[in-house]
Amino acid sequence: MTDPLAFLAGGGEAARMIRARDWTGHPLGPPETWPAEFRAALSLVLNSPESMILAWGPDLHFFFNDTYFPLLGPRLPWAMGARFDAVWADAWEQAKPIIDAAQAGQPERFVDLPWQLDTDRGARDTWWTFSYSRVLDADGAVAGLFILTNETTGRVLADAALVESRAQLETALAELGRLNGTLAQQVADRTADRNALWTLSSDMMLRSLFDGTIMAVNPAWTEVLGWQADELIGTNLMALVHPDDLDRTTEGAGRLAAGERLTRFDNRYRHRDGSYRWISWAARPGEGVINAVGRDFTAERERADALAAAEEALRQSQKMEAVGQLTGGLAHDFNNLLAGISGSLELIQTRLSQGRMMDVDRYINAAQGAARRAAALTHRLLAFSRRQTLDPKPTDVNRLVAGMEELIRRTVGPSIAVEVAGEPGLWPALVDPPQLENALLNLCINARDAMPEGGRIAIRTANTRLDTEAAQRHDMPPGPYLSLCVTDTGTGMPPEVVARVFEPFFTTKPLGQGTGLGLSMIYGFAQQSGGQVRIDSEVGRGTTVCLYLPRHGGAVPDEDPLATLGAPPRAAPGETVLVVDDEPTVRMLVTEVLEDLGYTAIEAADGVAGLKVLQSDVRIDLLVTDVGLPGGMNGRQMAEAGREKRPGLKVLFITGYAEATVLGHGQLAPGMQVITKPFVVEVLGARIREMIGHSPLPHS
């Protein structure tokens, strides 16, 4: 059976568009009904490699081949079979007279005719070469138009550009002819200007090879460095560079050889008299050479160095002033405390020799009180310097504040109201609870002293997340923190006082009513705990001091309501403690405490002797050792070496302060704890019992 659409065979994408279109209701009807003349003409168009159009019927319905696609632009999807005046509506007024003439039998060929059309490259001016021919049916009537068309925009524009270029060339040649007469004079003038600049400039000018060989220098070299040009030409620039700047200068020459420009490069060059001058260079690479201009800025550099030296001297002076203030205040307080201790001991000795036992207890209590105050002073100093021994534990700060509330109320007195607001769900902190209690109590005492006529203290806790901006304001790393803030309604402080409140021994209280270490201790404690303390105060409006502590990710253990500090528990039979301390008095005291509690005590004066005991077969339930020991082995090293033979060895470090390098920045291995000197006998006994446990260890 013959295919009624065989005339579309080989017609490419255009033929596919004809097949795909729904011709229902179209004036030409479906393709299989089209007359033979139409089919033949359309087959010719579809199979031609030239850009062709067939407009058929009285309404000139538009048909085209694949080569014509680019010329349709946005019309392509709907143009096949549409009316000519719809497809080219934007050019219809120009096209209609040509079409009418062709249909009347007056065909004409047009060359480079300008049109403004929407093509696939957008609306623009275009040029075309085309011809319109009418197609007659079997009766000789006009059935349609055959159009052969080609866009000539590219050639037309190229021809126009060529004409323009020729005109410009002719103009340029005329101008060149005019300038040619003065060019030699201009070159001479510019050469003279350049030579004058080279000769008269106070800046050093240089041309050298990339290996440093000097090719040319200007007279400024003689003025700045004292060398004549003939002494420098042919020598190597690096011979003049200061030895300390040589590597950096070689590296800079390498960057220039790689094509980089140097806008500012400073180094020193040797003067003929042996001194050195600071030269600031701007340099750029050329064809195998370096072109550079240098300025002597030795005087400016010396002034800057002198200013830096003066600033450093000022900082050193301020440091020495702070040290003098610290040592003076420390000596004052300690001399008072030592006077109390030594005086009490002398009176005890006198009364014992007199047989008067009645007053001995009073003198003992006075000496112990002075000793406790001295210990508190050292703890405050160590807190300020961030070297106190901390025993951090996961802590519920809300619980800690609640436990302190009654003590705070009694301390500040009835004329001051105390408000406590703890945030529900407060994050835990990893801190030393007694030190945090001490800090909170100090803040409340300071607040009380700022309100002699009474007032209000507000203690608040909160969860706080510091973003980058807020962390910068607080001088802390970004992240989650919990805050403990104490606010009073007291007298407040001016900015110049607020700026100094964390300095050691700085106090606004009258003489004898404060050491000036309270806030510096709190500052040191917060820093050592990984946090920060910030103060906000205004005269007449009160003060707020906030402690920021990092959030701890672990859980807080439940409190043991039965845990109380009473008489030290007695040792189990056979329990043995090794005591290592280079101070005989401390060693004697610890040993006597242990023996009074029923322990067997073994003494060693240094780490080497202690390690020998640990490496023996004697039973050791606990090692009690000072951190700092003589003989090249500290307490931490001895304990770790002892654990190689005794993996389960428990260790209690005793120290006056925590050396971070020894105790691992507060991170102790399981089974290791620390207690600070001086200590209460009951506390030492309870800690020993706690660490040993109720079941004696094997003595392996």
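1. Tyr68 is buried, with a relative accessible area of 4%. In this predicted model, Phe64 is buried as well, at a relative accessible area of 0%. The cut-off for that label is under 20% relative accessible area, so the 4% of Tyr68 falls within it.

2. The rings of Trp23 and Phe63 make an aromatic pair of the stacked kind, with 6.0 Å from centre to centre and 15° between the planes. This pair connects distant parts of the chain, 40 residues apart: Trp23 belongs to the loop between α1 (12–20) and α2 (36–46), and Phe63 to strand β2 (residues 61–64). Both Trp23 and Phe63 are buried. Phe64 and Tyr68 also form an aromatic pair, but a tilted one, with centres 6.2 Å apart and 40° between the planes.

3. Trp23 and Phe63 are also members of one aromatic cluster, together with Phe7, Trp34, Phe38 and Trp56. In total, the structure contains 16 aromatic pairs.

4. Leu60 deserves a check of its backbone. Its phi is positive, at about 55°, although Leu60 is not a glycine. The residue is placed in the loop between β1 and β2. Leu60 counts as buried because its relative accessibility is 6%, against a limit of under 20%.

5. Ser48 is found in the loop between α2 and β1 (52–56). With a relative accessibility of 12%, Ser48 counts as buried. A polar atom of the Ser48 side chain lies 3.1 Å from the backbone nitrogen of Glu50. Apart from neighbours within four places in sequence, Ser48 is in contact with Asn65 and Thr67.

6. Strands β8 (residues 262–270) and β9 (residues 276–285) pair in the antiparallel sense, over seven bridges. Arg270 has Tyr276 of β9 as its bridge partner. The two strands form a hairpin with five residues between them, and Gly274 in the turn has a positive phi of about 100°.

7. On to the next strand. β9 also pairs with β10 (residues 289–296), in the antiparallel sense and over seven bridges. Here the bridge partner of Ser280 is Arg295, in β10. β9 and β10 form a hairpin with three residues between them; the turn holds Gly288, with a positive phi of about 80°. As background, side chains in a regular strand alternate between the two faces of the sheet.

8. Ala257 is part of helix α10 (residues 246–257). Its C-alpha atom is separated by 8.2 Å from that of Ile290, a residue 33 places away along the chain. Is Ala257 buried or partly exposed? Ala257 counts as partly exposed, because its relative accessibility is 47% and the range for that label runs between 20% and 50%.

9. Helix α22 (residues 681–692) has 12 residues. From its first C-alpha to its last it reaches 17 Å, close to the expected 16 Å. The buried residues in α22 are Leu684, Gly685, Arg687, Ile688, Arg689, Met691 and Ile692. Gly693 follows α22 and has a positive phi, near 85°.

10. For the chain as a whole, the secondary structure comes to 22 helices and 22 strands. Of its 700 residues, 40% count as buried. Among contacts between residues at least 6 apart in sequence, 59% join residues at least 24 apart.

How values were computed: Residues numbered from 1 in each chain as written. Predicted model: local features only at pLDDT ≥ 70, side-chain atom pairs only at ≥ 80, totals over all residues. Heavy atoms only, no water. Helix = DSSP H or I, 4+ residues; strand = E, 2+ residues; numbered from the N terminus. Expected span 1.5 Å × (residues − 1). Buried < 20%, exposed > 50% of the residue type's maximum accessible area, 1.4 Å probe, protein only. Phe/Tyr/Trp six-rings, centres within 6.5 Å; stacked < 30°, edge-to-face > 60°. Pairing = 2+ DSSP bridges. Polar contact = N/O pair within 3.5 Å; in protein donor to acceptor, adjacent residues only side chain to side chain. Contact = heavy atoms within 4.5 Å.
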